[in-house]
Amino acid sequence: MSKPAAAILCLLLAACGTTYQVPIAENTAPTATPAPQRSGGKARAPADFRRVAARVEPVAEKFCREERGGAGQSCDFAISLETDPRMPPNAFQTLNEQGRPIIVVSAALLDQMTSDDEIAFVLSHEASHQIAQHISKQQQQSILGAMVMGGLVVAAGSYGGGASDEAIKQAMDLGAMAGGRAYSQTYELEADTLGAFIAARSGYDPERGAMLFTSPALAGGGALLSTHPASAQRVATVAQVAAEIRRQEAAGLEPRPTYSQGRF
């Protein structure tokens, strides 16, 4: 992608950024309290997953209704554990045919978890993607990226005898990919931020939950971390959010995130 094309695409996608204020954290940002150490306990079992999910789900749904006001999306989450051994350590959220948000965690990822806090944080993180409308935003960004790149090729071709259908298609495919991934890492940090509030309101420790990112299977990359920020940055970001949650709790407040672009 040429620099002018990339600049145009970035400008047009600027309105698709985050809704919630995400702390700017360096990979080694200090925290006000000592960083928690990851639990050395045994891997969590499916029974642990079901128990934690039963506690997080109503909190995430209540949080969703508070943020969205019931407008434009369902807040009725369905949480499941995928036991297919072929699925790598991963978690994701999507919508079923009826528009119900689905959160799926693989058994391979559960095997990497050593505390209930880690289960709660992953579930809260995935619910946050839905609450922040990341699926619809990325779809809009893909469409816009395809239109921009396709239009640029058509315009350039008009000065040289016209662009071929294949050239236009390739440009649109490239634009769709670039548009869809434009905010992927930012959205992950936004979901970490919002997820920390949901986990805390569910009675779990988000800092300890984020220690999952230091798992050997995840810290160096892999399925869960493709297009994701570095693990150290995510841990540092959650640490800053946790400090803000403690500040709000000390003031007698129910922890709530702040907004960077106003409410939906």
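Which residues in helix 10 are buried?

1. Please keep in mind throughout that this is a predicted model. In helix 10, the buried residues are Ser 231, Arg 234, Val 235, Ala 236, Thr 237, Val 238, Ala 239, Val 241, Ala 242, Ile 245 and Gln 248.

2. With 20 residues at 1.5 Å a residue, the helix should span 28 Å, and its end C-alpha atoms lie 29 Å apart, which agrees. Just after helix 10 comes Gly 252, whose phi is positive, at about 80°.

3. Turning to the sheet, you will find three strands in an open arrangement, ordered 1-3-2, with mixed pairing. Strand 1 (78–82) and strand 2 (91–95) are the edge strands; each has a single partner strand, so one side of each has no neighbour in the sheet. From one strand to the next, the twist averages 25°.

4. Have a look, too, at how strand 1 meets strand 3 (residues 101–106): the two run parallel and are joined by five bridges. Glu 82 stands opposite Ser 106 in strand 3.

5. Two helices deserve a place in the description of the sheet. Helix 2 (residues 46–68) lies across strand 1 and strand 3, and its direction makes an angle of about 165° with strand 1. Helix 4 (residues 116–131) lies across strand 1, strand 2 and strand 3, running at about 35° to strand 2.

Note on methods: Residues numbered from 1 in each chain as written. Predicted model: local features only at pLDDT ≥ 70, side-chain atom pairs only at ≥ 80, totals over all residues. Heavy atoms only, no water. Pairing = 2+ DSSP bridges. Helix = DSSP H or I, 4+ residues; strand = E, 2+ residues; numbered from the N terminus. Axes fitted to C-alpha atoms, helices over the stretch in contact; angles between N-to-C directions. Contact = heavy atoms within 4.5 Å. Expected span 1.5 Å × (residues − 1). Buried < 20%, exposed > 50% of the residue type's maximum accessible area, 1.4 Å probe, protein only.
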